[in-house]
Amino acid sequence: MTSPSRRLASLLSLGALALGATACSEEVPDRDPSPVSSESEATDPATGSPSETPTETETADPANTVTVPVYFVGDTPSGPRLFREFRSVPADNPLMEATALMVAGDVLDPDYRTLWPQVEISDVQATDGVLLVQIPSDGFTDAPDGMSPKAARLALQQLVYTLQGVQQERVPVQIKRGGSDFRLFGLSTETQFTNAEALEVLGLVNITSPEQGATVSGGTLEASGVASSFEANVLWEIRQGDKVVLDGFATAEGWMDKLYPWETSIDVSGLEPGDYTFVARTDDPSGGAEGSGPDEDSKDFTLE
């Protein structure tokens, strides 16, 4: 993922990112609230968009796993933003398993990272209309060195988006702390945390497939993801090193108010076997004259 983002004029300032106990700001489509099985369509209400489940590179018994979105952080021209990876986790407590991946920064894409230090989280459960996160220790009441208040708020959004994505329901997150100081990263945990608007905290383009490190055969690359791009136009390139060997565009299902699904089938039969990078980018009709530039995401893959 090369970083990146052109701010749409309709986006609100990141100052509105403040977390609070207000009701969730986007309507959640009707859907099965259970976690997504590894053989079914993966839907993430955090973006308001369904997306097909990518082929997992991890080895696990599909009968005992579910595929869930886990949110990490990547750089864009407008600062750090959230990007999702679909991951297979044990089915017994996918909320806890996804949280453990998030805190550990266990990413597939090396361009992603976590904002979380090694906070001890003992349990995560859906209960009484909230997603309850248990933090038994009294560490990290203040933000760790180098974490700004803005980064602290985004770290909490990283947790909120991950848990809501796993649960497939926009319900608030409640953090229960041990000790007598109930702050986390300098922020009060005495209110419930809700999701900030997607366009304020998410990268404006995110590739679902190909997955980082995927192997592609058969002469066709099936590419997909979500984006909010000018007039729903999502530009793509296939690069080998610094050379662009193929390019084109896909059309998303919408734009401006949220991230919408996009997909395209690319004929790669004319390319030699080897290592390539697929890049998706939001459209910038101003040519860089306005805003900070287009958002990008990228995935390395191998063509057989």
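Which residue's side chain meets that of Arg-87 in a salt bridge? The partner is Glu-85, at 3.2 Å from N to O; the points below set this pair in its context.

1. Basis of the note. The model is a predicted one, in which local features need pLDDT of at least 70, side-chain atom pairs count only at pLDDT 80 or more, and totals for chains, interfaces and linings use all residues. Residues are numbered from 1 along each chain as its sequence is written, and side-chain values use heavy atoms, with hydrogens and water left out.

2. Overall composition. The chain has 3 helices and 18 strands; helices (H or I, at least four residues) and strands (E, at least two) are DSSP runs numbered from the N terminus. Of its 304 residues, 53% are buried, where buried means under 20% relative accessible area, exposed over 50% and partly exposed in between, with a 1.4 Å probe and protein chains only. The accessible surface is about 12800 Å², and carbon and sulfur atoms hold 48% of that area; accessible areas come from the Shrake-Rupley method with a 1.4 Å probe, and for residues only the protein chains shown count as cover. Among contacts in the chain with a separation of 6 or more, 71% are between residues 24 or more positions apart, a contact being heavy atoms within 4.5 Å.

3. The sheet E6-E7-E8. These 3 strands form an open sheet in the order E6-E7-E8, with mixed pairing; two strands pair if DSSP finds at least two bridges between them. Strand E6 (123-127) and strand E8 (173-177) are the edge strands, each pairing on one side only. From one strand to the next the twist averages 25°. Strand E7 (residues 130-135) pairs with E6 in the antiparallel sense over 5 bridges, and Gln-125 has Leu-132 in E7 as its bridge partner.

4. Helix H1. Helix H1 (residues 94-104) lies across E6 and E7 and runs at about 140° to E6; axes are lines fitted to C-alpha atoms, for helices over the stretch in contact, and angles run from 0 to 180 degrees between N-to-C directions. Because 8 of the 11 residues of H1 are buried, the helix is largely enclosed by the rest of the structure. The buried residues are Pro-94, Leu-95, Met-96, Ala-98, Thr-99, Leu-101, Met-102 and Val-103. Their cover includes strand E4 (65-76), strand E5 (79-90), E6, E7 and helix H2 (149-167). Just after H1, Gly-105 takes a positive phi of about 65°.

5. Asp-109 forms a salt bridge with Lys-299, the closest N and O atoms being 2.9 Å apart. This pair links distant parts of the chain, 190 residues apart: Asp-109 is in the loop between H1 and E6, and Lys-299 is in strand E18 (residues 296-303). Asp-109 is buried, with a relative accessible area of 1%, and Lys-299 is buried at 3%.

6. Where does Arg-281 lie? Arg-281 is in strand E17 (residues 274-282), and its side chain meets that of Glu-296 in a salt bridge of 2.6 Å, N to O. Since Arg-281 is in strand E17 and Glu-296 in strand E18, the pair ties together parts that are 15 residues apart in sequence. Arg-281 is buried, with a relative accessible area of 14%, and Glu-296 is buried at 11%. Salt bridges that share partners join Glu-237, Arg-239, Arg-281 and Glu-296 into one network. Leaving aside neighbours within four places in sequence, the contacts of Arg-281 include Val-205, Asn-233, Val-234, Leu-235, Pro-294 and Asp-295.

7. An exposed strand residue. Is Glu-263 buried or exposed? Glu-263, found in strand E16 (residues 260-267), is exposed at 60% relative accessibility. Not counting residues up to four places away in sequence, Glu-263 touches Ala-223, Ser-224 and Ala-250.

Technical notes:
Salt bridge = Lys/Arg side-chain N within 4 Å of Asp/Glu carboxyl O.
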